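Here is a short briefing to read alongside the structure. Have the viewer open and follow the topics in order.

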Amino acid sequence: MTDWTRLIRDIHDFPRPGVLFKDIMPVLADADAFAAVIDALAAPWRDVPIDAVMAIESRGFLFGAPLARALGTGLVPLRKPGKLPGPVLEARYALEYGEDVLQVQTGAVARGARVLLVDDVLATGGTLLAARELALRLQVDLVGASVLMELAALGGRARWDGTPLRAALVV
């Protein structure tokens with residue numbers, strides 16, 4: 001298996017001064033590394049019955065769609081405001097450097113469906129908690145969450161509720 005972790009680059013002062021950004025674009029650009037990432041994300045869930053992957057905009061989509069395919073499930077996108085037609089549910093959340101909103105279409109997944117949340121990075125946990133809130137408001141069975149990378153120093157895991165949370169890489 002390819003060591004995809006060596007392709008992650010540190011970008012200082014992005015998107016603002018004082019932030020150390022973990023650039024995953026080289027991982028996506030390398031076919032073997034990208035395949036290894038999807039395998040790593042899928043591995044903990046292969047024996048868990050899952051009906052849908054709920055992927056968080058925007059970089060969560062990059063992993064959510066191929067992960068849903070690998071697990072043989074449907075995909076439910078969690079989007080920024082104004083991107084989804086019809087009635088939506090929304091959750092507001094704080095970021096490390098601002099605020100945002102996630103939305104999901106009402107009825108996007110059946111009540112009681114077994115759902116896995118997917119995103120690229122777990123930092124302070126705000127985005128993942130907003131996604132969890134939306135999943136619970138849809139009355140699904142949240143089986144867990146999966147992220148490519150966890151930034152442990154930012155403490156996001158401590159805000160999580162004990163539902164299984166898997167990170168392919170912890171830094």
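**Helix H3 and its surroundings**

In H3, the buried residues are Arg 59, Gly 60, Phe 63, Gly 64, Leu 67, Ala 68 and Leu 71. Viewed down the axis of H3, these buried residues fall within an arc of 130°, so they line one face of the helix. Please keep in mind that this is a predicted model.

**Geometry of H3**

- An α-helix has 3.6 residues a turn, so residues three or four places apart point the same way.
- H3 has 13 residues, which at 1.5 Å a residue should span 18 Å; the end C-alpha atoms of H3 are 19 Å apart, which agrees.
- Just after H3 comes Gly 72, with a positive phi of about 70°.

**How H2 packs on H3**

- Two packed helices are described by the angle between their axes and the distance between the axes.
- Here the axes of H2 (residues 31-42) and H3 (residues 59-71) come within 9 Å and cross at roughly 65°.
- The crossing of H2 and H3 is right-handed.
- On the H2 side, Phe 34, Val 37, Ile 38, Leu 41 and Ala 42 take part, and they meet Leu 62, Phe 63, Pro 66, Leu 67, Ala 70 and Leu 71 of H3.
- Sorted by class, this contact of H2 with H3 has eleven nonpolar residues, no polar and no charged ones.

- Ser 146 lies in strand S8, and it counts as buried because its relative accessibility is 1%, where buried means under 20%.
- Beyond its neighbours within four places in sequence, Ser 146 is in contact with Leu 41, Trp 45, Leu 116, Leu 117, Val 118, Asp 119 and Arg 166. Leu 41 is also one of the H2 residues that meet H3.
- Glu 150 is found in S8 too, which covers residues 141-150. With a relative accessible area of 6%, Glu 150 is buried.
- Not counting residues up to four places away in sequence, Glu 150 touches Leu 122, Arg 157, Ala 167, Leu 169, Val 170 and Val 171.
- Glu 150 and Ala 68 are 82 residues apart in sequence, and their C-alpha atoms are 20 Å apart in space.

**Helix H4**

- At 1.5 Å a residue, the twelve residues of H4 (residues 126-137) should span 16 Å; the end C-alpha atoms of H4 are 17 Å apart, which agrees.
- Buried residues in H4 are Gly 126, Thr 127, Leu 128, Ala 130, Ala 131, Leu 134 and Ala 135.
- H4 is followed by Gln 139, which has a positive phi near 60°.

Terms used: Residues are numbered from 1 along each chain as its sequence is written. This is a predicted model: local features need pLDDT of at least 70, side-chain atom pairs count only at pLDDT 80 or more; totals for chains, interfaces and linings use all residues. Side-chain values use heavy atoms; hydrogens and water are left out. Axes are lines fitted to C-alpha atoms, for helices over the stretch in contact, and angles run from 0 to 180 degrees between N-to-C directions. Helices (H or I, at least four residues) and strands (E, at least two) are DSSP runs, numbered from the N terminus. A crossing is left-handed if the near helix is turned anticlockwise from the far one by less than a right angle, and right-handed if clockwise. Contact means heavy atoms within 4.5 Å. Ala, Val, Leu, Ile, Met, Phe, Trp, Tyr, Cys and Pro count as nonpolar, Asp, Glu, Lys and Arg as charged, and the others, Gly among them, as polar. The expected span of a helix is 1.5 Å times one less than its number of residues. Buried means under 20% relative accessible area, exposed over 50%, partly exposed in between (1.4 Å probe, protein chains only). The arc is that of the directions from the helix axis to the C-beta atoms.
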